[in-house]
Amino acid sequence: MRKGGILLPVSSLPSRYGIGTFSKQAYEFVDFLKQAGQTYWQILPLGSTGYGDSPYQSFSTFAGNPYFIDLEELSRRGWLTEEECGACDFGSDDRYVDYGRMSLQRFKILEKAYGRSRIGEEEEFQRFREENAFWLADYGLYMAVKASCGGKGWTEWEEEIRLRKPEALAAYRKRYEREIEFQEFLQYLFARQWGALKEYANERGILIIGDLPIYVALDGADAWANPSLFQLDEKGVPAAVAGCPPDAFAKTGQLWGNPLYRWDYHRETGFSWWMERIGYSYRLYDVLRIDHFRGFDEYYAIPYGDPTAEYGHWEKGPGYEFFRMMEERLGKRAVIAEDLGFLTPSVIGLLRQCGYPGMKVLQFAFDSREENDYLPHNYTRNCVVYTGTHDNDTTVGWYKSLSPEDRAFAERYLNIREKGDIQWEFIRAALSSVADTAIIPMQDYLGLDSRARINTPSTLGDNWKWRLLPGEAEEGLARRIRSMTKLYGRL
């Protein structure tokens, strides 16, 4: 069945307080999706952002981002006042998130709400703690200790707590009891608000495509609580870290810095941590986009301490055994495999064996020098086509940057005669293709230029910031999207 959707991170939603949240504007965006005839809302990872404000460097693979908590609901519950929320300086530019101000202000106002909540007396909160104890207890303690250490990662903590000695764990839990409960309070609010928003979307026929990053951050509760899962020495220092080798997009490669997995140990446990992680993800999302699918076939290992990703090497991953176990334990679930980049025959074989749809990105198609699999006439039905992803420029920005030869090729291929609203011709190519699913970034429907780009890989300081302005997701645009969605059989 042919379907369509829109890519928009939660952080990019409009809201009153500096960043997209689970506020009424999120519900209005769901209404916009329904009005536009869409089936999917694709978002980025929901985890709390760490290094570089990236959702792919979260402090926990299970915890949600407290920035997304709707402050207006806390006002309705009497835990905050509108005046208190309005007095916070979250930045003055509605178009871009100011993460510096966010980090200074958001937790102060949330702690004020916690202090007035008497949350420990609520049965629903106690139930949430019990049901999520398998990750929440370690996460709460991790964040409390990290704060007490001035934000240092666990590899720099005192040895007794770094190595999780039982007496130290008990002592720290008692010492930071209030701080731990505050972290649990935030996760409770996050889960409650996101659950309500997802239910609202599902009731209106909108499914959520979520993202499962293949790796977790070294500075996070997962690596601290489960060091045996990773290639770490007794001090928590990695032997090698994750990334990608040099290519046409990054001359020195991409140095992600995440710890690598001990896949032999995961096999011995029946991939139990992974199955728990993926099962939890399906509580949050309807469809799971598995990031860096290639890493399950072979993963790139970069010597720890190297300044670039140039001198890494490939190691064998878990392969089909991993996905066979996933289906045995969790059943046949909806998956999108992020299979971008150079693909070896073994990766292609693994994708075919799993039967998952891969990704096709139109921005990769128009190289005038050679034929490639991203050109729409080469698609099969079992794939998901994008004009671009969160790691690409907007279509308008990308088109302007093309070489004269590549631009001429794209214009011949798409039969472009007039240059106004050029993005709609690329959207048309995606929607009209044989791909079962077509996902278009919201920036492309709006025709925005490079200033609306979400992320530029291998750069820091100017990513994950772009936001939708109030009124941009308007009725006229919804009608136009719906009309084209219907025209190409995706309604």
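Biologist: What do the buried residues of H16 pack against?
Modeller: They pack against helix H15 (395–401) and helix H17 (423–432). Before we go on, this is a predicted model, where local features need pLDDT of at least 70 and side-chain atom pairs count only at pLDDT 80 or more, while totals for chains, interfaces and linings use all residues. Residues are numbered from 1 along each chain as its sequence is written, and side-chain values use heavy atoms, leaving out hydrogens and water.

Biologist: Which residues are buried in H16?
Modeller: In H16 (residues 404–414), those are Asp406, Phe409, Ala410, Glu411 and Leu414. Buried means under 20% relative accessible area, with a 1.4 Å probe and protein chains only. Helices here are DSSP runs of H or I with at least four residues, and strands are E runs of at least two, numbered from the N terminus.

Biologist: And what comes just after H16?
Modeller: Asn415, which takes a positive phi of about 55 degrees.

Biologist: Switching topic: at what angle do H12 and H13 pack?
Modeller: Helix H12 (residues 272–284) and helix H13 (residues 320–330) pack at about 55 degrees, with axes 10 Å apart. Axes are lines fitted to C-alpha atoms, for helices over the stretch in contact, and angles run from 0 to 180 degrees between N-to-C directions. The pair is therefore oblique; that word covers what is left once under 35 degrees is roughly parallel, over 145 roughly antiparallel and 65 to 115 roughly perpendicular.

Biologist: Which residues make that contact?
Modeller: H12 brings Ser272, Trp274, Met275, Ile278, Gly279 and Tyr282, and H13 brings Phe322, Met325, Met326, Arg329 and Leu330. Contact means heavy atoms within 4.5 Å.

Biologist: Which strands does H12 lie across?
Modeller: H12 lies across strand S3 (207–212), strand S6 (287–290) and S9, and runs at about 150 degrees to S3.

Biologist: What is the strand order in the eight-stranded sheet?
Modeller: The order is S9-S6-S3-S2-S1-S12-S11-S10, an open sheet with parallel pairing. Two strands pair if DSSP finds at least two bridges between them. Strand S9 (335–337) and strand S10 (358–361) are the edges, each pairing on one side only.

Biologist: How many bridges join S10 and S11?
Modeller: Four, in the parallel sense, with S11 spanning residues 383–386. Lys360 has Val385 of S11 as its bridge partner.

Biologist: And what about the four-stranded sheet, which way is it paired?
Modeller: That open sheet is antiparallel, in the order S5-S4-S7-S8. Strand S5 (254–259) and strand S8 (313–316) each have a single partner strand, so one side of each lacks a neighbour in the sheet.

Conventions
Buried means under 20% relative accessible area, exposed over 50%, partly exposed in between (1.4 Å probe, protein chains only).
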